[in-house]
Amino acid sequence: MTVYEHDVPQWKKDTVNKLSDMIEDSEMVGLVNVEGVGAKQMHGIRESLRGSAVIKMARNTLMKRAIEKVNKEGIQKLEDHVKGPVAFVFSNQNPFRLSQFLKENKAAAPAKGGQVTPKDIIVPSMNTGVAPGPFISELAALDIPSRVKGGVIHITEETVAVEAGEIVSNAMSQMLGRLGIEPMELQLKLIAAYTDGTLLTEDVLEIDLQDIFKEVVVGHQFAVNLSINAGYPTADTIPMVIAKADIEAKSLALSTGFVVPDMIGEFLAKANAESLALAKQLANENPDAIPSEIIDEISSVPAASPAQQPQEEEVAESEDEEVEDEEVEATEGLGSMFG
């Protein structure tokens, strides 16, 4: 038996063995900063993590020995971050999700005298439940309005007791405690995490997952647009590339008058629209030059851009019948104009 084994208390050995076993069994092992976190707040945080993560506190020396005992590639780097008030956090969660969860689940804590408040501390109007006495003078000294009502002291209006950036005085700290107000927020911060042979540090873990997701979505949209507009088809974009080519081919055929059998309907519709536009112009200059039935037809046809017809007809098969009806009407319109 070595001197070390002989001198080390059994409880320390048990602690190291338990921690090393948890490191071996966990997919993710992290370190959280527990500075300023009281027992009450720690209990609340542990409850919020129940089922997703476990926090274990121990002396730093024992935490380091537990890490040294584990045979996982790269785990030893975690030992460099065992400094100051830290605790282990064991989980099978993604460390980024765990970091985000810790950020969103803060614990309320009392304000301490001498502490700088990051936000306004507000005392609401309330029944203090305290009988008349020196307490009302203490409230007045702190500029908190109050009066006796129904045999107890009431705070009569909501008051900003300490503004953001100001130091909380000892008297105010004690008063907030007596009123049961815990205005501060405590958050465990994941300062390092080991998972899949990689050590992630605080600067990496603090990224905003929502922002990253939005950037990925925007990047995907840019890539799809580039593929379509550059004519570089991929498995995901080839349907859109073909659809774009079809629309452009139809537009080219219409604009150049290159008639193809499949587009007879579009050509007739375009010719009808152009003839109606011409008739309308002539009617404006000389109403007697255009038959009255043609003028009535011009008035009944809603304004539409002929160039939009190829895209609109691609929208859905359910609209095919309506398009065919319009084409028949267009043909009839041409016939009525030229007898």
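I kept in mind that the model is predicted. I traced an open sheet of three strands, ordered E6-E8-E7, with antiparallel pairing. At the edges I found E6 and strand E7 (146-149), each pairing on one side only. I then followed E6 to strand E8 (residues 152-155), and the two pair in the antiparallel sense over two bridges. Across that pairing, I saw Asn 127 standing opposite His 154 in E8.

Next I stepped into the loop between strand E6 (126-127) and helix H6 (134-141), where Thr 128 lies. Is Thr 128 buried or exposed? I noted a relative accessible area of 17% for Thr 128, and because the cut-off for buried is under 20%, Thr 128 counts as buried.

I also asked which backbone atoms lie by the polar side-chain atoms of Thr 128. I found the backbone nitrogen of Val 130 at 3.2 Å from a polar atom of that side chain, and the backbone oxygen of Ile 153 at 2.6 Å from one. Leaving out residues up to four places away in sequence, I listed Phe 135, Ile 153, Ile 155 and Leu 179 as the residues that Thr 128 touches.

I looked for aromatic pairs and the structure holds one. It is formed by Phe 88 and Phe 90, 5.3 Å centre to centre, with 35° between the planes, so I logged the pair as tilted. I checked burial too: both Phe 88 and Phe 90 are buried.

Methods: Residues numbered from 1 in each chain as written. Predicted model: local features only at pLDDT ≥ 70, side-chain atom pairs only at ≥ 80, totals over all residues. Heavy atoms only, no water. Phe/Tyr/Trp six-rings, centres within 6.5 Å; stacked < 30°, edge-to-face > 60°. Buried < 20%, exposed > 50% of the residue type's maximum accessible area, 1.4 Å probe, protein only. Helix = DSSP H or I, 4+ residues; strand = E, 2+ residues; numbered from the N terminus. Polar contact = N/O pair within 3.5 Å; in protein donor to acceptor, adjacent residues only side chain to side chain. Contact = heavy atoms within 4.5 Å. Pairing = 2+ DSSP bridges.
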